[in-house]
Amino acid sequence: MNNITEVVSAKFKDKYYKIDHESGLTIYVYPKPGYNSKYAIFGTHYGSVNNAFSLDGGEVKRVPDGIAHYLEHKMFECEDGDAFLKYAKTGANANAYTSFDKTCYLFNCTDKFDESLEILLDFVQRPYFTDETVAKEQGIIGQEIRMYDDSPEWCVMFNLLKNMFRSHPVQIDIAGTVESIAEITPELLYSCYNTFYNLNNMVLCVAGDLTPEDVLKTADKMLKPSENHTIENYFDGEPYEVCSHYVEQEFPVSMPLFNFGFKVKTHPVTRKEAAEVDILLGVLSASYSDLYKLLDDAKLINQSFDSEYFNGPGYNVVLFSGESRSPKEAAEKITDYIRELQKTGISREMFEIARRDAYGDALSSLNSVDNIANAMVDCHFNNADIFGTIEDIANATLEDVNERLCSLLDLDNTTLSVVLPAKE
Amino acid sequence: MNSLIQKELAPGVMFNSVSVSKFKTMRLLVNILLPLSEETNARNALLCYMLVRCCKKYPDFTTLSRKLSMLYGAELNGSVSKMGDMQCLTISVGGIDDSYTLGGESVSEQLSELLCEVIFNPKVSDGKFDSEDLAQEKRLTYDMIDSEFNDKRIYASQQLIKLMCADEQFGISRYGTKEQIEALTPADIYEAWQYVLKNAYFDFTYVGDSSPEKASGVIENSFKEIKRTPVELSTDVVYSVFEPKNVTEEMDVAQCKLEIGMRTACAEPEEDAIAVRLMSAVLGGTATSKFFTNVREKKSLCYYCMSRFVRLKGILIIESGVEADNIEAAKEAIFEEIEQMKRGNISDFELESAKLAVINSVYASVDTTGGVVNWYSSQLMDASVDTPEQAAEKFRAVTKEQIVAAANKLSLDTIYVLKSKAVEK
């Protein structure tokens, strides 16, 4: 039996359905009347950091770097043809991505939703790897890795992570290296697939002008019941301290780029904490903030200045990023400012500006079926709820945000990563 | 979707509105159109950035940002683009719908007023804009120019246009050169502002649930005092090529960029432009296109290969990221696909999947307020203003014969290659 729960928000004039499907899969359906686009995303709680794991208490398996991403590429190749070509017949816009902690397959369409959903549920549940098809992908992914090597934004971030973390796999390039992907075999792919692509470890989120019945019609037909297994992920003991405080690399860019990260003590992030940090980062980096003005007046940043709270199993990082003529000076000013603010606390006026700003942003995200479905995947894997997240922002207090400011940001545990213009 | 309601508020000032209830937000945008020109691009572009930086009422960037954030993270944006041979200064405001505010205030009303404030009441005195503000905006513009240089895909595409349209207004940068920007004075910006108010073409578009009357009223009032003589706007289309150009540039990059520019001998508002749009989709606009399937997937010659049609200029741009060793082979494969199109070797599957993908993207684009605004405002110079449904109908009606005919009008204009420096690895 499928168990359906309706979650309504009178305030946001929206609702969604959570379905515990008998196959073991959790399905969310978020109706958006009047929308042309329909968006479906089928994700597994498995990303590039899950490179050491055990199944049901068995022996710990270590797999090559980049295998989750490789697996994602290979899933599109089915025994009966390329999944992209199947989507072409329905007109859906299909894609997939692998991040640090999840792999997601998605499509966006305006027509023939049922057929597209059937394609999605079919190919993700039907792996097909042979020596020949696995070998063929090496060249394409090798090219992709080279393209990332050319991206200063990508390199400045991974240089940061490599110098921040000693052993945690978050520092490893999501696509792996040309050497590591050469070790990938069909057997290894099947082993990862069978561990993590279990419906109990997955979620399907759908948003658009649809009802739960529209989705269940296809889900009931396509989902193959999965037995629930216990997956254990292993991350080598990662020290609290960063490895190094500074790293730089040269690139053919005309202006330096920087990532300035605060390594935070590892802990699971609650919905309330996420809301408070959202407001806090507004106070610290949004265009209305005092720090932004200070850096801007000193000509140390431009509009690309941004911040992010970036976290997952075993890694929590508060990140400031941007372009700067002098990244070292910018990082120093950020540090000094935070040190002072930790003493004085955030003003009530600034808190109110940041709270309303964050609320408006979060509410506006309910305009987009893509945002909604993507957010619901994150909510599911983090035990959160999409409406609750916005409510938490509206209800946040100044005292709690001030408390986050002090507890989260350790001024001695930072790394600055810089990309400098190559000297001719 | 409800169709567009249009009215002229003053000579050369149009107000368009679409009532849509499905969004949590509203948006009001104005496109300010001027002829692209080497002499005025830089000052107009900086004017646009100065207008959205601050105004008399909110005299600095921080005060203005705080006002917007107190309005629940409302947005005020300025951007500069090219629309055919016209320079387009776009200013828009957007925010949450009044029914979701925590304190019951009307965001949409305050934002309409704010848009008029920034256009009509900028921070000026003695016939000049603020010099410190101008220095800051100049710096931000240099940074933007630098970022575009950093992104080699954007850089390569800009180089192609520059080479290909060297004799057309379209070939010049939308915000001038660094030198031209450097030379601007606060009085130049004032002069540009005065010129814009009197002579530019203004096209406003409002999308939202609440009534547009308030917005159009505020705008109409603002133009009352101004004696307007709108400038003539036009776009040149080049129909034939005398001799194709071939340019290679070397830089320290791992992946080379291959850019091919072709003339389509057909542009908006010509009726056949729709067939060219679809031809571009079949060739390289979708994940089932000839380029994607054959050049990328089957022959593994590139990381990406796509085409796009600049419909007001009658230009087809083909862009590809390739390894140095594959440049010649990729070029050959791309021209082979074009040849196949010309001969009519287009399968039903290729045609139908391209139509589906194009129509899908049309419908998908109008699921955001920004998308709805863009959908209508981008048709300003087209033969007709279509709703998404009408456009879909037109795409469906295009035949294979029309596409083949469009392909046969293609002529090669310029090939630009951004190549990695030959270094020993």
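1. Basis of the note. This is a predicted model, in which local features need pLDDT of at least 70 and side-chain atom pairs count only at pLDDT 80 or more, while totals for chains, interfaces and linings use all residues. Residues are numbered from 1 along each chain as its sequence is written, chains are lettered from A and ligands numbered from 1 in the order in which they are written, and side-chain values use heavy atoms, with hydrogens and water left out.

2. Domains of chain A. Chain A is divided into domain 1 (3-233) and domain 2 (246-421), with bounds that come from an automatic or database domain assignment. The C-alpha centres of domain 1 of chain A and domain 2 of chain A lie 27 Å apart. In the contact between them (heavy atoms within 4.5 Å), 48 residues of domain 1 of chain A meet 44 residues of domain 2 of chain A.

3. Area between the domains. Domain 1 of chain A and domain 2 of chain A bury about 3,700 Å² between them, 71% of it on carbon and sulfur atoms. Buried area is the accessible area (1.4 Å probe) that two parts lose on being put together, summed over both. A:Phe12, A:Val156 and A:Met164 supply 19% of the area that domain 1 of chain A buries against domain 2 of chain A, more than any other three residues.

4. Two salt bridges are counted between domain 1 of chain A and domain 2 of chain A, a salt bridge being a side-chain nitrogen of Lys or Arg within 4 Å of a carboxyl oxygen of Asp or Glu. A:Lys11 forms a salt bridge with A:Glu391, with the closest N and O atoms 3.4 Å apart.

5. A strand pair in chain A. Strands β15 (residues 306-312) and β16 (residues 315-323) of chain A pair in the antiparallel sense over seven bridges. Strands are DSSP runs (E, at least two residues), and helices are DSSP runs too (H or I, at least four), numbered from the N terminus; two strands pair if DSSP finds at least two bridges between them. A:Asn311 has A:Asn316 in β16(A) as its bridge partner. The hairpin of β15(A) and β16(A) has two residues between the strands, and A:Gly314 takes a positive phi near 85°.

6. Contact between the chains. Chain B gives 47 residues to the contact and chain A gives 61 residues. The area buried between chain B and chain A is about 5,100 Å², with 52% from carbon and sulfur atoms. B:Lys24, B:Arg66 and B:Tyr303 supply 13% of the area that chain B buries against chain A, more than any other three residues.

7. Salt bridges between the chains. Six salt bridges are counted between chain B and chain A. In a salt bridge, the side chains of A:Arg146 and B:Glu323 meet at 3.1 Å, N to O. The elements that give two or more residues to the side of chain B that touches chain A are α2 (61-70), α4 (131-150), α10 (290-298) and α12 (348-365) of chain B. The most comes from α4(B), with nine residues.

8. Salt bridges overall. A search of the whole structure finds 54 salt bridges over all chains. A:Arg404 forms a salt bridge with A:Glu273, the closest N and O atoms being 3.9 Å apart. This pair links distant parts of the chain, with A:Arg404 in helix α15 (residues 398-408) of chain A and A:Glu273 in helix α9 (residues 271-285) of chain A, 131 residues apart.
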